[in-house]
Amino acid sequence: MLEKTSSQKMELPDRAILTMGGLSVVLAGVLAWWILNESQFDRASADYRTARWLILFAFSIVLALFLAFSALSIRANRRTKRLAQEFHKNETRLRAVMDTAVDGMIMINRRGIVQSFNHAAERIFHYSADEILGHSVNMLMPEPYAGEHDGYMERYLRSGDPRIIGIGREVTAKRKDGSIFSIDLAVSEVRHGEEIDFLGIVRDITVRKQMETALLAAREKLEVRVENRTRELMAANEELKNFAYIVSHDLRSPLVNLKGFAGELSQCLESIRPSLERVPQLLGEEEGGKFSAAFEQEIPEALTFINSSVARMDRLISAVLRLSRIGRREFDVQPVNLEDLVNKIFESLTHLVQQRSVQVAVGALPEMMGDPIALEQIFGNLLANSILYLEHGRPGKVEVGAESNGNEYVFHVRDNGRGIAREDMGKIFDIFRRAGRQDVPGEGMGLAYVKTLVLRHGGRIWCESELGSGTTFFVALPKRPKTEEEEG
Amino acid sequence: MPDRRPVTILLAEDDEGHSRLIEKNLRRANITNDILKVSDGQQAIDFLFSQGEYAGRKFPSPLLILLDLNMPVLDGRQVLERMKADERTRRIPVIILTTTEDGREVQKCYDLGCNIFITKPVDYDQFTEAVRKIGLFISIVQIPDAG
């Protein structure tokens, strides 16, 4: 499956041949000696002696040469064997690597003929190695690349200008059944002497491609959805902001009339009072009494109620208007020193603090990014509340502190005041809701403002309280508030 | 300045009650000038540019306008915009009298060229007082004659 060439075998003289060679040399020597002895030479002659020495000499030289040759060939043989073993080991390793590789590996020669084709390549292209070895690699490419490939290779070999060598890139490939798919292809050249091969490493990225396409489509869909939703939310938000504003504005108009004409009515009554005062006398006792009661009590009482209700309605509308303005105002985020801010608020409350002899403690407070007006309103309301709702007859204590908690600061405003009943805890942040003894004037809007401001700041507010012994408000604010754009 | 002609007041106000209350209080402040009333912005424009039901009738001069902002058809701001863009009407003093107290609205109206911006107080005593002061103001202010 892997290599087309048959495995190489070294043809070298082995031990048997060497042994036979040695024996022949010895036999030749012995034979020469025997022939010399059997010959008719005069043993005492100088010729005989000379011949004997020559034979001995020649034999020694041949023997020495043979031994040297034997030693060299044994060494060479051993080395060759070792090399062959190593070669075999390397090849086995290489095959193992290639065949266990997840990526397809295709080796081609300079003419584009496939030299090796690993298991992964078989899986990827659905060809078996036998089907592809010895054929042009063009088989694995769709048109027009198949037609152009020979040209690319030729140009590269001539000019050294690479299109793909050394660079991984996404290309299209063709399976046995003709289907086209995407692969990642990296090509490197393998030079050995004058020869040059190319190794292509191939990874099927069909699934990745499909996922990419699906992901892209999903992302586009999601983007559209997010965009639509954001637009809807922004419109709803804008509508809500305008709603409170329009409502409070339009509700005011009729109030001007109510109050105005109630005033006109009072003035009217005043202007005819001298005449009216004379009427009961003209009417007799019973009807006169009724007239007096209506004129002196009921009509003024009705007008008083109209006036006080209108005034209250006006205060409520103003409160809603203010809340809507808080929602509309652009935040101007900048560094704010909370300790300075809280101390300033306490200064502005000095009169109250002294009047109620409140003991104030301000812990170390951070400098953070925020809208100074919003922060001032948040802490202004909380601190004023803590003092206003202290228990009468008990020395008041108000403590402000902060802790760093991850990417937020958690502030607390703790008092030893009258506390909030458990059943009232849910409503204290609602607009127009007030809990407990109603002995402090207000519209029930303070904590609603605070909550709105804290939320706009990207923070949270909650409270712990025990009726009769004190309340702690917690405000968690991000160290760096998000801008509205980031939220959107 | 005995030779000055008395100012006519155009009251553009969609709420009849408001209109009536303003008129009453101006009268109380001894304003005896003619007060003409229109109940939406379009009528105000028709009056000023002698069109529609006011075709062929040139508006009386000198003229001062008490203009409400929230009116149907054309609102006060649009009326103001058109007046200030036209040579014939741009010198007519405009007092805006409205329930709005939104700072941006106030700024916008002054940018457009209104002369005075007054928020209608809900409290009737304050309302009366405000209109009375407008009356005082009207009685002393020098108003250009459109000729």
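User: What should I know before reading the numbers?
Analyst: This is a predicted model, in which local features need pLDDT of at least 70, side-chain atom pairs count only at pLDDT 80 or more, and totals for chains, interfaces and linings use all residues. Residues are numbered from 1 along each chain as its sequence is written, while chains are lettered from A and ligands numbered from 1 in the order in which they are written.

User: What ipTM and pTM does the predictor give the complex?
Analyst: The complex receives an ipTM of 0.74 and a pTM of 0.50.

User: And what pLDDT does chain B average?
Analyst: Chain B averages a pLDDT of 86, and 96% of its residues score at least 70. The term pLDDT is the predictor's confidence in each residue, from 0 to 100. Within chain B, confidence is highest in strand E1 (residues 8-12), at 93, and lowest in helix H5 (residues 124-140), at a mean of 84. Where pLDDT is low, the predicted coordinates should not be read in detail.

User: How many helices and strands are in chain B?
Analyst: Chain B has five helices and five strands, and from the N terminus on they run β-α-β-α-β-α-β-α-β-α. Helices (H or I, at least four residues) and strands (E, at least two) are DSSP runs, numbered from the N terminus.

User: And in chain A?
Analyst: Chain A has 12 helices and 12 strands.

User: Is B:Arg57 buried or exposed, and why?
Analyst: B:Arg57 is exposed because 11 other C-beta atoms lie within 10 Å. Its place is in the loop between helix H2 (41-48) and strand E3 (63-67) of chain B.

User: Let us turn to the cores. Which residues touch the most other members of the largest one?
Analyst: In the largest nonpolar core, which has 38 residues, they are A:Ile378, A:Phe379, A:Leu382, A:Leu383, A:Val450 and A:Val475. This core draws at least three residues from each of domain 3 (218-328) and domain 4 (334-487) of chain A. A nonpolar core is a set of buried Ala, Val, Leu, Ile, Met, Phe, Trp, Tyr and Cys residues joined through C-beta atoms within 7 Å; the domain bounds come from an automatic or database domain assignment.

User: What is A:Phe379 in contact with?
Analyst: Leaving aside neighbours within four places in sequence, A:Phe379 is in contact with A:Leu341, A:Val342 and A:Ile345. Contact requires that the C-beta atoms of two residues, placed from the backbone, lie within 7 Å.

User: How many residues does each chain give to the contact between them?
Analyst: The contact takes 11 residues from chain A and 11 residues from chain B. On the side of chain A, helix H6 (residues 206-283) gives the largest share, 10 residues.

User: Finally, how do strands E11 and E12 of chain A pair?
Analyst: Strands E11 (residues 460-466) and E12 (residues 470-478) of chain A pair in the antiparallel sense over seven bridges; two strands pair if DSSP finds at least two bridges between them. A:Ser465 stands opposite A:Thr471 in E12(A). The hairpin has three residues between the strands, and A:Gly468 takes a positive phi near 90 degrees there.

Key
Buried ≥ 20, exposed ≤ 12 C-beta atoms within 10 Å, placed from the backbone.
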